[in-house]
Amino acid sequence: MLIKQVIDVYDLIDRSDIDGAKVSSYFESLGAKYIDVTKFSGEKGSTDFIKIIIPGKKGKHGGGSAPTLGILGRLGGIGARPEMIGFVSDGDGALSALAVAAKLLDMQAKGDFLDGDVIICTHICPDAPTQPHDPVPFMGSPVDMATVNEAEVSGDLDAILSIDTTKGNRIINVSGFAISPTVKEGYILRISNDLLTIMQDVTGGLPNVFALTTQDITPYGNDLYHLNSILQPATATDAPVVGVAITTQTAVPGCATGASHFVHIEAASRFAVEVAKYFGQNKCRFYDAAEFALIQEKYGSMKHLQGFGKGGL
């Protein structure tokens, strides 16, 4: 279980002066050796991106060949100060990803090493802006989505789990977490049976899958409606991406405080840890490579959906 890690990380980041340096120091105290913190600034402020590499015993970081999993905590910000006081619902993705990092480091300290490398990325902003959105307000971000992808999505990732609060909608109507179909190179592929099995084992219930539209997998800034930013990493990589949405039955604003449920965050985090175990052992496929080759042969490339289209930027 990750209850301790979720609580510890929450206590760390639920403060008005939190920044990347404080988060980095905390993870160094847990034994992390490979941490990078980079500040990015935009018109609406700045945020600190943090990347934590947790090498596996057969991972590429040490010269091995086991596949690398990226776990991204997606969000606009963990706080919306001064408009809102405290940790906002939108911060759940960052909290979950960092709790995963803390758990994997704790496992290593106790002698349990995964086969593959795991790279955890998120960003720390206690005073992000808000923005209008239907049906409830969204959190904004101090930097644009292209900058977020540049900081978090790297070419050494063989697959990505994108964890994001996804409560501000009427599409997902369950409390807990849900996963998306696999998105790769502009295609929305069928749901991974391996991920469904892991989710079922972790929750002890039937798996929840949320719907995607073509608009959701196109880049922000193209004037199309998006469910949220959960699948934006898929616009910046050829690796398969699956969204892990932390969800509620009702539409909850991303800027709401007191709206984070540790049991849901813990379950999503535990799911990510289990995926990392199996993925590094080549026992968890995000997609069927042969079927993907066939769909491309029959229907061609859909990579244009990763860009801005006609008349785009």
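Me: What makes Asn282 count as exposed?

Reply: Asn282 has 58% relative accessibility, and exposed means over 50% relative accessible area, with buried under 20% and partly exposed in between (1.4 Å probe, protein chains only). Asn282 therefore counts as exposed. This is a predicted model, in which local features need pLDDT of at least 70, side-chain atom pairs count only at pLDDT 80 or more, and totals for chains, interfaces and linings use all residues. Residues are numbered from 1 along each chain as its sequence is written, and side-chain values use heavy atoms, leaving out hydrogens and water.

Me: Where does Asn282 lie, and what is its phi?

Reply: Asn282 is in the loop between helix 6 and helix 7 (289–299); helices (H or I, at least four residues) and strands (E, at least two) are DSSP runs, numbered from the N terminus. Its phi is near 60 degrees, a positive value in a residue other than glycine. Most residues other than glycine have a negative phi.

Me: Why is Asp223 called exposed?

Reply: The relative accessible area of Asp223 is 78%, so the residue is exposed. Asp223 lies in the loop between helix 5 (193–203) and strand 11 (241–247), and its phi, near 70 degrees, is positive too.

Me: Why is the pair of Phe40 and Phe49 called edge-to-face?

Reply: Rings of Phe, Tyr and Trp (its six-membered ring) pair if their centres lie within 6.5 Å; planes under 30 degrees apart are stacked, over 60 edge-to-face, and the rest tilted. By this rule there are seven aromatic pairs. Phe40 and Phe49 are 5.2 Å apart centre to centre, with 85 degrees between the planes, which gives edge-to-face. Both residues are buried.

Me: What makes the pair of Phe177 and Phe271 tilted?

Reply: The angle between the planes of Phe177 and Phe271 is 45 degrees, at 5.4 Å centre to centre, and the pair is tilted. Phe177 lies in strand 8 (residues 176–179) and Phe271 in helix 6 (residues 262–280), so the pair ties together parts that are 94 residues apart in sequence. Phe177 and Phe271 are buried.

Me: Which residues touch the most other members of the largest nonpolar core?

Reply: A nonpolar core is a set of buried Ala, Val, Leu, Ile, Met, Phe, Trp, Tyr and Cys residues joined through side-chain atoms within 4.5 Å. The largest has 57 residues, and Ile13, Phe27, Phe271 and Phe286 touch the most other members. Helix 3 gives the most to this core, with 11 residues.
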